[in-house]
Structure formats: C-alpha cells, structure tokens
Amino acid sequence: MKPEVDTYLNNLNKWQKELTRLREIIVDCGLNEEYKWMHPCYTYKEKNIVLIHEFKNYCAILFHKGALLSDQKNILVQQTENTQSARQIRFTDVSLIEELKSTIKEYIYEAIEVEKAGLKVKKKKTTNFEIPEELNQMFKESPEFKKAFENLTPGRQRGYLLHFTKPKQAKTRVLRIKKSIDRILEGYGLNDCTCGLSKRKPNCDGSHKQLESVK
C-alpha cells in the first residue's frame, strides 16, 4: 500500500470510512495500489483497472473500462454524458459497501479479465457529434471563437457539444453558447476550474467557495 494513499484518506473530511473499506476490498483482489490524478488508483500489470474518489453526495469506485463490463446487477453509473469508457458504483455508507462486497469483487475480476483480453472501448469521435446550427453561425461571425473551440481537447469539445445540443429550443441553445464563449476563448472545458485555487485542476474541488466567503 502506498503512503500517499494513507495521507489522502487521513485528510478526508467525509467518506473516509467508506473509501478505506473500498481500498481494503480492492487490494484483496490482488491489484497494485498507485496514486494518480490525486486519487488512489489500482492497476494490473501497469494498466488502470479502478480508482476510488469522493464527491459531495457520494463516494465511488470507478472502473476505467466500465462500459465493457456486463453489469449484471445494473449498478454501474455513467458519470456524465461525455463519459464514454468509465463507469462508477456509487455509495453513501459503509453498510451498502458491505452488502455489495462480493459484487464489487466480481466486477473487479471481470475488469481484470477485460484488460487481460486487451479489449478497448470504441469511442465516438468528436466529428460524429452534432454541431448545432446556432454554434456554426457563431463560428461564422467570430473566426477567433471557432479557432479557440477547435484548439480545445476532443473531450472538452464533446462536453460542450452535448451541453449545447441538449435544449430543444433554439433560444436556450444560443444562451448556453453565449455563456460559454469566454470559457472557450480562455481554453477551459465546460467543467474545468477557473478560480485558480483548485488542487485538482483542471477539475473543481470547491475551493472557489473561499472566494465567495470573502465577499
């Protein structure tokens, strides 16, 4: 076990018991413990299998290739619409983890077999995503905006496209695009941290609340 993971768990204000128990279950499956992306990550022959992380309302074990698992218990969750490969099992207390202990292990062993077989998730390319007419119009009006969007990573582009195409009404789509222009021009994704305080950049860890408390 990695000392960095000990430090991570000891510094948690919430979900410490839950993630500690998940750690024990995962390590018992024979995976190697690492510390990546500011979170405990568990690997098989240097290939990422699962990661544990915490959120405001739940903690979770994330399967990096969860989309390839059979999910016989129908408990895997797609974190966002833009997430193509990873899937979560979410928990809100230790008792639920204990109840699903055998299932968690079954899913981990299946994930290991997926990696052994060299299976890969067939990801939808950014070019396959619909570009709303309203966004194309704004691209024509502002070549600078179009260039900034094209300079974003494919994942960030897909996140915006999903966000922009979701509303049924054109005026709502336009509003969403206009609200995102500054973020896109600055190179930020839809959910990237812009306050500069987050310790998990580009993801937001809620540090911006410090700024709100000062106001």
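A residue counts as buried when its relative accessible area is under 20%, and as exposed when that area is over 50%. The structure described here is a predicted model.

**Helix α1**

By the buried criterion, helix α1, which spans residues 3-10, contributes Val 5, Tyr 8 and Leu 9 to the interior set. These residues lie on the same side of α1, because the arc they cover around the axis is only 95 degrees. Pro 3 and Asn 10 are exposed, and they sit on the face of α1 turned away from its buried side. The packing partners of the buried residues of α1 are α2 (16-27) together with the strands β1 (32-36), β2 (39-44) and β3 (47-54).

**The sheet**

An open sheet is built from 5 strands in the order β1-β2-β3-β4-β5, with antiparallel pairing. Its edge strands are β1 and β5 (87-91), each of which pairs on one side only. From one strand to the next, the twist averages 25 degrees. Strand β4, residues 59-63, pairs with β5 in the antiparallel sense over 5 bridges. Within this part of the sheet, Cys 59 has Phe 91 of β5 as its bridge partner.

**Helices across the sheet**

Two helices that lie across strands of the sheet may be described with reference to β3. Helix α2 lies across β1, β2, β3, β4 and β5, and runs at about 165 degrees to β3. Helix α4 (residues 101-116) lies across β2, β3, β4 and β5, with an angle of about 145 degrees to β3.

**Helix pairs involving α6**

| Helix pair | Angle | Axis separation |
|---|---|---|
| α6 (residues 143-151) and α8 (residues 170-185) | about 70 degrees | 9 Å |
| α5 (residues 133-141) and α6 | about 120 degrees | 5 Å |

With α6 and α8 packed at an angle of about 70 degrees, α6 is roughly perpendicular to α8, because angles of 65 to 115 degrees fall in that class. The crossing of these two helices is left-handed. On the α6 side, the residues that meet α8 are Glu 144, Phe 145, Ala 148 and Phe 149; their counterparts in α8 are Ile 177, Ile 181, Ile 184 and Leu 185.

For α5 and α6, the angle of about 120 degrees makes α5 oblique to α6. Helix α5 supplies Leu 135, Met 138, Phe 139, Lys 140 and Glu 141 to this contact, while α6 supplies Pro 143, Phe 145, Lys 146 and Phe 149.

Note on methods:
Residues numbered from 1 in each chain as written. Predicted model: local features only at pLDDT ≥ 70, side-chain atom pairs only at ≥ 80, totals over all residues. Heavy atoms only, no water. Buried < 20%, exposed > 50% of the residue type's maximum accessible area, 1.4 Å probe, protein only. Helix = DSSP H or I, 4+ residues; strand = E, 2+ residues; numbered from the N terminus. Arc of directions from axis to C-beta. Contact = heavy atoms within 4.5 Å. Pairing = 2+ DSSP bridges. Axes fitted to C-alpha atoms, helices over the stretch in contact; angles between N-to-C directions. Parallel < 35°, antiparallel > 145°, perpendicular 65-115°, else oblique. Left-handed = near helix turned anticlockwise from the far one by under 90°.
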